[in-house]
Amino acid sequence: MKLFKTLKNVFSDSDILLWVYPVLLIVPNILLDITELYSPVSKAANLLLPLGIYYLIISACRRTGITGLVMFIFAFFAAFQIVLLNLYGEGIIAIDMFLNVATTNVSEATELLGSLLIAIAIICILYIPPIIASIMQTASHSLASAKAVKRARITGAVLALCGVLCAVASCVYIPDYKLKRELFPVNVMDNLCTAVKRTIATQKYEQTSSDFRFNATSTHDKELKEVYVLMVGETSRAENWQLTGYSRPTNPRLSKRTNLVYFPLALSESNTTHKSVPMILSHLDSHNYGDSIYYTKSISEAFNEAGFHTAFISNQRRNHSFIDFFGGQAHTTEFIIDEFDSPQHDLELVGRMKRAIDNANSSKVMIVLHAYGSHFNYKERYPKEEARFLPDNNTEAAAFNRSQLLNAYDNSIAYTDLVLDSIVSTLQSYRCPAALVYLSDHGEDIFDDSRERFLHASPAGTYHQLHVPFIVWTSNEYRSMFPEKVNAMIDNKGKNISSSASAFHTTADLAGISTYVLNPSASVADTAYTEPQRLFLNDYLEGVPLRKSGLRKPDFEMLDKRGFKY
């Protein structure tokens, strides 16, 4: 009873709320000054200016309960930021993070809750008490003392003034410093506004892209039966592929396949699905993605114009993004999840692909497959009987559990190997020119180094999130009819590849599609192929060099070790 009374007195004391609440709100600023590569003066601005403004807001009147409730929005951003730092170890709440919240399905989100429990506990301890205190004091009409309010206002004004001076100095003397990118929570609020604008623009996609045309035609014989498959994997990192030199037999089937060309030096230009997949399915890359994505159409539409029957088959959920819009541009569209309560294993894609080929109303067929691949929770991405690496039962996202997480992840890669091998066998059965292009949208962090990073889509990418597998298989009939394409791929297999930039152009080039957007220098099946400038599509849709992408020393060490040019 005595403890309850003490707590009630503390929660009712407006002076305590006045002084403590702003300090609690500055916790993410302190953490960001530790994790981010800010200059000393910009770090000072990031601390002093927000803290000063918080004191000025909460001391705007003596009814600190009301001003405390007004500051709930800052508590929300602070809590979100702490969760993000717990998950990724660095970075502000990016535009992509807000978009991920809008497009990630509930089942994917719940799979991550276990890894966020510590962060959730911290933010509950930090921010629920002042919110409760604000509610109690508002209800009881409590007033802070005039003396405390006056001191808080003076403190806020001094801190804010010092913060403004530091911010001005940063703008003047620090190259590339932008207040709305380095001052929390200004940067997060600006990112939220941008995310809303992008969401609105995305929903208008059907109107803004309606006039786009590829003017595509087929240069191959009109009567020739041919089949092309572009498969987009999910969260598959190349370093865990046996074909890349991984010590484990994660590609037991593909490693024995002939007619397969593997490109070991492929990097994705994005570590997020909602940007990476649209680049893969369109002719755009980091150079021209920007606003152009709202006005272009997908590879399916190019093949439609060229007289192909097209199909889009996805093992992922609809999320009202460009992936959905692009999928809908095929003649037939299937989201397998529409028929089930949960995602199926990716082998389900193979039977549906065969059915689409058999039911096509044209001798020319192009199919896009979107797999669930190796998305966390890894253990759920393959049947129990396909588990090669054991034990794989402990799925808790923690560094001490890395060995079991890695076992499950490698099992998912081996299962992808089975799926791809089955696709190849199916395509072979048609005894016609056929090709399979496979690549992953991005990779994954699995507690690989001292940073203990996990998952993908972090504000700053890593080597592990960007190095992806890139494969092209062609049938004997294709090799016989178009040997120059096969020879070009063999010549190019040791070169640096941008998977994001090459997928569209390589697939269209293999199929003999002629269109004004086709770039032979981006097709690995062309003698004109040219190694790309290494770019990363950042949160602001800017294609920036890897040195400015947020990669750190361990990432460049891995790139050097693997032989990448950047």
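Two strands count as paired if DSSP finds at least two bridges between them. With that in mind, and remembering that this is a predicted model, start at strand β5 (residues 309-314), which pairs with β7 in the parallel sense over 6 bridges. One of the places to look is Ile-313, whose bridge partner in β7 is Leu-369.

Now stay with β7, which spans residues 364-370. It has a parallel pairing with strand β2 (residues 226-233) too, over 7 bridges, and here Val-229 stands opposite Ile-367 of β7. How many residues of β7 are buried? The count is 7 of its 7 residues, leaving the strand mostly covered. Lys-364, Met-366, Val-368 and His-370 point one way, while Val-365, Ile-367 and Leu-369 point the other way, and all of them are buried.

Next, step back to see the whole sheet. It is an open sheet of 7 strands with mixed pairing, in the order β3-β11-β8-β2-β7-β5-β6. Because β3 (260-262) and β6 (332-335) stand at the edges with a single partner strand each, one side of each has no neighbour in the sheet. On average, neighbouring strands are turned by 10 degrees against each other, direction ignored.

For an antiparallel pair, look at β8 (residues 434-440) and β11 (residues 470-474), joined by 5 bridges. There, Ala-435 stands opposite Thr-474 in β11.

Finally, meet two helices. Helix α14 (residues 273-281) packs on the sheet and touches β2, β5, β7 and β8, its direction making about 165 degrees with that of β2. Helix α18 (residues 402-428) lies across β2, β7, β8 and β11, and runs at about 165 degrees to β8.

Note on methods: Residues are numbered from 1 along each chain as its sequence is written. This is a predicted model: local features need pLDDT of at least 70, side-chain atom pairs count only at pLDDT 80 or more; totals for chains, interfaces and linings use all residues. Side-chain values use heavy atoms; hydrogens and water are left out. Buried means under 20% relative accessible area, exposed over 50%, partly exposed in between (1.4 Å probe, protein chains only). Helices (H or I, at least four residues) and strands (E, at least two) are DSSP runs, numbered from the N terminus. Axes are lines fitted to C-alpha atoms, for helices over the stretch in contact, and angles run from 0 to 180 degrees between N-to-C directions. Contact means heavy atoms within 4.5 Å.
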